[in-house]
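Please look over the sequence and the 3D view before reading on.

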Amino acid sequence: MNYLIHLLIYFDIYLIVALSLNMIVGYTGMLSLAHAAFYAIGGYAYAILSVNLGWGFIPASMLGAVVAAVLSLIVSLPSWRLRGDFFVLATLAVQALIYSALYNWTSSDAPLGSLRNLTNGPFGITGIPRPSIFGWQIKTQLSYGIFATVVSAICAFVIWRLTSSPWGRLLKAVRDDELAAQGLGKNTRLVKLQVVAIASGLVAIAGALYAGHVRYLDPSSASLDESILMLSMVIVGGLGNFRGPVVGAVLLILLPEALRFVALPDSVAANMRLLIYGLLLIVMMQFRPQGIAGDYRME
Amino acid sequence: MQIIVNGIVSGAAIAVLALAFQCIYLPTRVFFIGMAGVYAMTPFVAWSVLKAGGGWWLAIPAATLTAVLLCLICEWLIHLPMEKKKASSGAHLIASLGASIVLVQITAMIWGNGTKSLRIGLDSVVRIGDVIVTGAQWITLGAGAALIVAFWALLMKSDLGLRLRALADNPIQFALFGYNVHLYRTFSFVVGGLLAAAASLVTAYDVGFDPHTGLHAVLLAVVAVIIGGRDSFVGPVLGGLMLGLVRAQVVWHWSARWQEAVTFALLAIVLLLLPHGLLGKKTRLEATE
């Protein structure tokens with residue numbers, strides 16, 4: 001039972017991740033590798049604030065979301081000038097910079113969370129408490145599962161309303177023909193800032209959920225591998241609509257779990273999982289570039 | 001002085017890999033991250049041949065052949081079919097990323113995740129004044145310089161080089177003159193594979209290797225290409241050397257852990273302020289998409 005709840009919590013987390021990344025990649029057509037960095041920022045914000053200052057989940061994750069939204073400017077501002085492969089490279093640079101900031105913002109003689117040792121570097125932050133909301137402390141796995149599902153449902157609802165609004169159609173217009181959208185008097189630069197900021201803020205909340213669940217956080221949650229996993233979720237599931245990322249999140253969470261029941265030796269299992277992700281990416285790009293349930297073919 | 005020498009040596013290895021990347025990117029417009037997998041698997045083949053009792057004369061050709069074959073497999077199974085379907089550059093990039101993951105994981109499953117070394121025992125050392133140059137560094141420098149010169153000669157003095165440059169310049173016009181574009185794409189993947197194998201082997205001989213070095217090395221090479229200028233075949237060499245020098249200075253003045261931050265900060269600055277690179281043609285980015 002605990003195992004099923006654990007899976008449910010992971011699904012909740014990655015649902016937010018995939019839906020928010022889809023806003024950037026699928027709706028606006030900007031291939032970003034920096035998403036895991038903002039996810040980790042949310043996680044770190046929650047971890048540091050709750051361990052050091054005893055903040056509850058809502059203020060801590062909100063602050064994390066704001067920090068991520070502000071930092072997302074370093075992804076969205078380059079998108080004004082860069083297209084295609086070059087934008088991907090710029091987001092890769094952002095990912096590498098944030099990763100190395102999380103990895104290096106440490107010194108052994110200062111206490112955790114102080115200005116000189118903010119992240120505890122490669123050793124990560126341990127003993128992150130389960131969240132408390134309005135003075136109610138979450139204790140059991142089951143109540144955390146319910147809590148995560150509620151948070152995830154709220155985020156999914158926000159994304160659903162946003163993407164089916166006129167603003168969501170503007171995103172698609174920017175993706176399909178930015179010049180034409182500008183010609184119709186739309187401020188495409190502003191809309192890019194908005195979408196990256198909103199998506200980064202939402203994924204920061206997912207990061208906070210992750211930190212509260214695993215109760216340990218290290219810089220590897222901002223790594224390139226994590227970004228690639230998020231990207232493959234969206235790409236395999238489908239781009240440019242609401243159901244695609246849901247399918248992707250379900251599939252890429254259940255797939256490695258299914259492998260668990262095949263009798264593979266432990267040393268090979270992790271490699272096998274990544275191998276399947278890689279194969280999925282190749283096969284999808286080859287035969288179905290819009291993903292299993294998507295609308296938009298990668299440009 | 002020692003730092004500059006170290007920088008030039010590591011820069012030479014980056015430069016060769018950057019050339020390999022550029023050699024595929026310019027003619028085919030495939031952002032070939034799959035090269036990371038090729039780069040990762042090559043030294044393991046050499047290691048296996050050496051372990052099985054074969055000498056260097058057998059190990060190097062075997063490893064190089066593997067690299068070239070892997071590049072061709074990627075081209076024939078992934079990129080050529082996608083090119084025929086007129087896939088976008090983003091789709092090529094993602095498929096190529098998938099290819100690199102697959103190759104790296106296969107390598108890790110066959111040979112394990114551990115770090116290995118091609119060299120046995122301590123390296124020989126040559127002192128010039130107060131500068132120490134190890135044997136492996138001499139090999140890197142020599143092989144790097146020889147390959148760069150050989151590649152330059154191939155590109156500028158041979159018919160094949162002329163055609164590759166023509167393909168890079170304007171593929172449609174090239175096809176109109178009656179050349180088989182797909183055949184020349186294959187050539188560019190072969191040359192790219194050769195260069196990648198060389199870069200991988202010298203680095204593996206110098207500092208050892210594990211299955212996960214590939215992606216990082218290729219990203220460095222891409223940064224070198226961007227810094228040097230992506231329209232040029234000479235730019236990557238300059239970019240690679242510069243990157244090697246800068247990284248060596250970072251290690252000396254601060255710490256090795258800031259290397260990545262400085263490298264990617266450099267990439268961000270160049271992308272924003274000098275998007276055509278040091279030696280690139282000055283065009284608007286939109287115009288060359």
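## Model and overall build

This is a predicted model. Chain A has twelve helices and four strands. The radius of gyration of chain A is 19 Å, close to the 19 Å that the globule rule gives for 299 residues, so chain A is as compact as a globular protein of that length. The C-alpha trace of chain A spans about 55 × 45 × 35 Å along its principal axes. Of the 299 residues in chain A, 50% are buried. Take the contacts in chain A with a separation of 6 or more: residues 24 or more positions apart account for 74% of them.

Chain B has eleven helices and two strands. Read from the N terminus, its elements run α-α-α-α-β-β-α-α-α-α-α-α-α. Its radius of gyration is 19 Å, close to the 19 Å from the globule rule for 289 residues, so chain B is as compact as a globular protein of that length. The C-alpha trace of chain B spans about 55 × 45 × 35 Å along its principal axes. Buried residues make up 50% of the 289 residues of chain B. In chain B, 77% of the contacts with a separation of 6 or more come from residues 24 or more positions apart.

## Where the chains meet

Contact between the chains involves 33 residues of chain A and 37 residues of chain B. On the chain A side, the elements that give two or more residues are α5 (84–104), α10 (224–237) and α12 (266–287). The largest share of that side comes from α5(A), with twelve residues.

What is the class make-up of the side of chain A that touches chain B? That side has 23 nonpolar, six polar and four charged residues.

## The largest nonpolar core

The largest nonpolar core holds 190 residues. The members that touch the most other members are B:Val16, B:Leu17, B:Phe21, B:Leu195, B:Val218 and B:Ala221. Helix α1 (residues 2–28) of chain B gives the most to this core, with 15 residues. In soluble globular proteins, nonpolar side chains tend to be buried together.

B:Leu17 shows some of these contacts in detail. Leaving out residues up to four places away in sequence, B:Leu17 touches B:Ala196, B:Ala199, B:Ala217, B:Val218 and B:Ala221.

Strand β1 (residues 125–128) of chain B pairs with β2(B) in the antiparallel sense, over four bridges. B:Ile128 stands opposite B:Val131 in β2(B). The two strands, β1(B) and β2(B), form a hairpin with two residues between them. In the turn, B:Gly129 has a positive phi of about 60 degrees.

Helix α5 (residues 135–157) of chain B has 23 residues. At 1.5 Å a residue, α5(B) should span 33 Å; its end C-alpha atoms are 32 Å apart, which agrees. Which residues of α5(B) are buried? They are B:Gln137, B:Thr140, B:Gly144, B:Leu147, B:Ile148 and B:Phe151. What covers them includes α1, β2 (131–134), α8 (181–207) and α10 (235–253) of chain B.

B:Ser96 lies in helix α4 (residues 89–111) of chain B. Is B:Ser96 buried or exposed? B:Ser96 has 26 other C-beta atoms within 10 Å. The cut-off for a buried residue is 20 or more, so B:Ser96 is buried. B:Ser96 and B:Phe31 are 65 residues apart in sequence, yet 7.4 Å apart in space, C-alpha to C-alpha. Beyond residues up to four places away in sequence, B:Ser96 touches B:Val30, B:Phe31, B:Phe32, B:Ile33 and B:Gly34.

B:Leu80 is in helix α3 (residues 56–84) of chain B. B:Leu80 has 17 other C-beta atoms within 10 Å and is partly exposed. B:Leu80 and B:Val30 are 50 residues apart along the chain, and their C-alpha atoms are separated by 9.9 Å. Not counting residues up to four places away in sequence, B:Leu80 touches B:Glu75, B:His182 and B:Arg185.

Notes
Residues are numbered from 1 along each chain as its sequence is written. Chains are lettered from A and ligands numbered from 1 in the order in which they are written. This is a predicted model: local features need pLDDT of at least 70, side-chain atom pairs count only at pLDDT 80 or more; totals for chains, interfaces and linings use all residues. A nonpolar core is a set of buried Ala, Val, Leu, Ile, Met, Phe, Trp, Tyr and Cys residues joined through C-beta atoms within 7 Å. A residue is buried if 20 or more other C-beta atoms lie within 10 Å of its own, exposed if 12 or fewer, and partly exposed in between; C-beta atoms are placed from the backbone. Two residues are in contact if their C-beta atoms, placed from the backbone, lie within 7 Å. Ala, Val, Leu, Ile, Met, Phe, Trp, Tyr, Cys and Pro count as nonpolar, Asp, Glu, Lys and Arg as charged, and the others, Gly among them, as polar. The radius of gyration is taken over C-alpha atoms; the globule rule is 2.2 Å times the number of residues to the power 0.38. The expected span of a helix is 1.5 Å times one less than its number of residues. Two strands pair if DSSP finds at least two bridges between them.
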